[in-house]
Amino acid sequence: MNIAIHLHTDSKEPVYMQLYYYFKTEILTGKIEAGTKLPSIRYVASFLQISKNTVIAAYQQLWMEGYVESKEKSGYVVVALPSYEYTATQTQVGHKQSQKVEENYLIDFQYGDIDMTNFPINAWKKTVKEVMEDKQFNWMMYGNKQGEILLREELVGYLYRSRGIQTTANQLIITAGTEHLIHLVLSLLEKNSLCIGMEEPGYDGVRNVFKERELPIYPIPVQEEAGHDFSALNSLCNLIYVTPSHQFPIGKIMSISKRIELLEWAEKVDGYILEDDYDSEFRFQGSPIPSMKAIDQQDRVIYMGTFSKAFLPSLRISYMILPDTLLEKWRKKSITESQSSSPLLQLALGLFIQKGEFERHIKRIRKVYERKYTFLVQCITKYMGDKVEIIGEKAGMHLLIRVPPKKEDVFITEAKKIGIKVYSTKPYYSQEREDYPLLLGFGGLKEMEVEEGIQLLAQVWFT
């Protein structure tokens with residue numbers, strides 16, 4: 001059988017899928033008839049100069065979808081299919097359409113990407129291996145509903161050292177993702193009497209959870225200079241969501257006086273504060289400001305943290321400290337709950353912290369992000385000068401810029417034409433505005449990409 005296929009090694013589509021699509025099309029169009037034996041794996045691998053595992057993956061996909069059957073000592077044989085009118089152009093058109101969805105950019109200022117070059121991959125692999133070699137095999141089970149005790153115990157020490165929070169392993173709950181934590185908290189509160197105070201602008205993922213629950217949401221304005229304006233807080237509110245250590249997306253750090261003001265409000269109205277401490281590890285100027293939970297005397301703060309920014313997004317490990325009253329409700333409710341975060345990864349992370357690897361990583365990567373932040377600001381100043389306004393404190397993995405006088409969607413479109421992706425902050429606002437700052441994430445970019453991106457943006461925007 002002749003194999004007339006040209007593999008695109010520079011394509012994002014895996015080679016095995018290209019091979020699979022080729023044989024699938026040949027079978028459906030009748031070019032390879034029922035009963036025909038496909039070429040041997042060894043032959044195809046040799047002919048196309050690819051690995052045998054790649055061919056095996058393509059053949060197994062055909063087998064799983066029923067295009068071929070595997071016969072002992074005969075290899076893979078094409079099966080007889082019901083009559084069906086099919087043309088190769090159908091596959092090609094559909095395939096091209098699906099590719100259009102996935103846009104390619106020369107430089108992507110995506111927020112939330114981490115620096116993969118400086119990730120401690122060897123130390124992490126070694127730790128995961130240690131957990132998997134544990135003969136008790138705890139990592140193979142569903143896991144503790146509250147979270148693996150090793151991780152919770154290590155978090156107790158870490159939170160005290162890094163955030164000044166005194167807590168116990170019994171007060172910590174581990175789960176997958178911030179939105180999941182929010183759902184959990186809301187399930188412990190009385191929906192009928194719940195009114196939400198939410199930063200404006202604020203994290204849209206959390207706002208969407210509140211909307212899904214059909215809860216009333218009242219905005220708390222966050223000014224670029226003055227920060228949170230609690231004088232505008234609606235008197236009906238009894239649960240407030242804030243990001244005080246590095247407000248998202250503005251980047252403002254809440255002053256200690258405003259933190260105390262908010263704590264006094266919570267005690268007065270018998271309410272709670274949801275403190276989302278999503279990237280407090282990355283403050284580049286001065287000492288870290290204590291978390292609200294660390295100065296909470298009345299047990300009114302629900303503290304939430306995540307490892308998505310500080311370590312690895314794919315871990316899907318978040319955690320929270322519940323006030324005692326809500327913790328008791330959770331214990332009664334948790335009988336029907338299951339652990340949503342991988343026990344294997346929880347145990348590995350707990351061991352990683354125990355060995356000191358996590359804090360060593362934070363110490364290193366904080367310097368990396370500080371250098372990138374400083375370099376990004378220098379590039380903006382160098383190539384754009386006073387044509388843009390930089391917004392935000394010296395912290396985190398992103399900053400905002402305002403580029404007058406055009407609308408931000410014009411700048412985004414112009415950037416897209418030259419293969420650069422920048423982001424509007426419009427999704428983070430619940431109310432319409434005349435203009436929205438642009439968001440530039442830099443965590444996953446190299447310095448040369450940062451400079452090239454800013455230089456190209458300056459050319460297309462201002463010349």
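Alanine 226 touches Lys252 and Lys258, with residues up to four places away in sequence left out of the count. Touching here is contact, meaning heavy atoms within 4.5 Å. Alanine 226 lies in the loop between E6 and strand E7 (227-228). Helices (H or I, at least four residues) and strands (E, at least two) are DSSP runs, numbered from the N terminus. From alanine 226 to aspartate 296 the sequence separation is 70 residues, and the C-alpha to C-alpha distance is 23 Å.

The structure is a predicted model, in which local features need pLDDT of at least 70, side-chain atom pairs count only at pLDDT 80 or more, and totals for chains, interfaces and linings use all residues. Residues are numbered from 1 along each chain as its sequence is written, and side-chain values use heavy atoms, with hydrogens and water left out.

The chain contains 14 helices and 16 strands. Its C-alpha atoms fill a box of roughly 80 × 65 × 45 Å along the principal axes. The chain has 463 residues, and 49% of them count as buried. Buried means under 20% relative accessible area, exposed means over 50%, and partly exposed lies in between (1.4 Å probe, protein chains only). Among contacts in the chain with a separation of 6 or more, 72% join residues 24 or more positions apart.

Helix packing was examined next. Two packed helices are described by the angle between their axes and the distance between the axes. Axes are lines fitted to C-alpha atoms, for helices over the stretch in contact, and angles run from 0 to 180 degrees between N-to-C directions. Helix H6 (residues 149-163) packs against helix H11 (residues 343-354) at an angle of about 40°, and their axes are 8 Å apart. H6 is therefore oblique to H11. Angles under 35 degrees count as roughly parallel, over 145 as roughly antiparallel, 65 to 115 as roughly perpendicular and the rest as oblique. The H6 and H11 crossing is left-handed. A crossing is left-handed if the near helix is turned anticlockwise from the far one by less than a right angle, and right-handed if clockwise. H6 contributes Leu150, Leu151, Glu154 and Arg161 to the contact, while H11 contributes Gln346, Leu347, Leu349, Gly350, Leu351, Ile353 and Gln354. By class, this contact of H6 with H11 has 6 nonpolar, 3 polar and 2 charged residues. Ala, Val, Leu, Ile, Met, Phe, Trp, Tyr, Cys and Pro count as nonpolar, Asp, Glu, Lys and Arg as charged, and the others, Gly among them, as polar.

Helix H13 (residues 408-417) and helix H14 (residues 447-462) pack at about 120°, with axes 10 Å apart. H13 is therefore oblique to H14. Their crossing is right-handed. Phe411, Glu414 and Ala415 of H13 meet Leu457, Val460 and Trp461 of H14. The contact of H13 with H14 has 5 nonpolar residues, no polar ones and 1 charged.

Helix H8 (residues 204-212) has Gly205, Val206, Arg207, Val209 and Phe210 as its buried residues. Their cover includes helix H7 (178-187) and the strands E5 (196-200), E6 (217-223), E8 (239-242) and E9 (272-276). After H8 comes glutamate 214, with a positive phi near 60°.

A search of the whole structure finds 0 disulfides (pairs of cysteine sulfur atoms within 2.5 Å). Cysteine 195 is in none, and its nearest cysteine sulfur, that of cysteine 237, is 6.2 Å away. Cysteine 195 is buried, at 12% relative accessible area. Cysteine 237 is also in no disulfide. Cysteine 237 is buried, at 2%.
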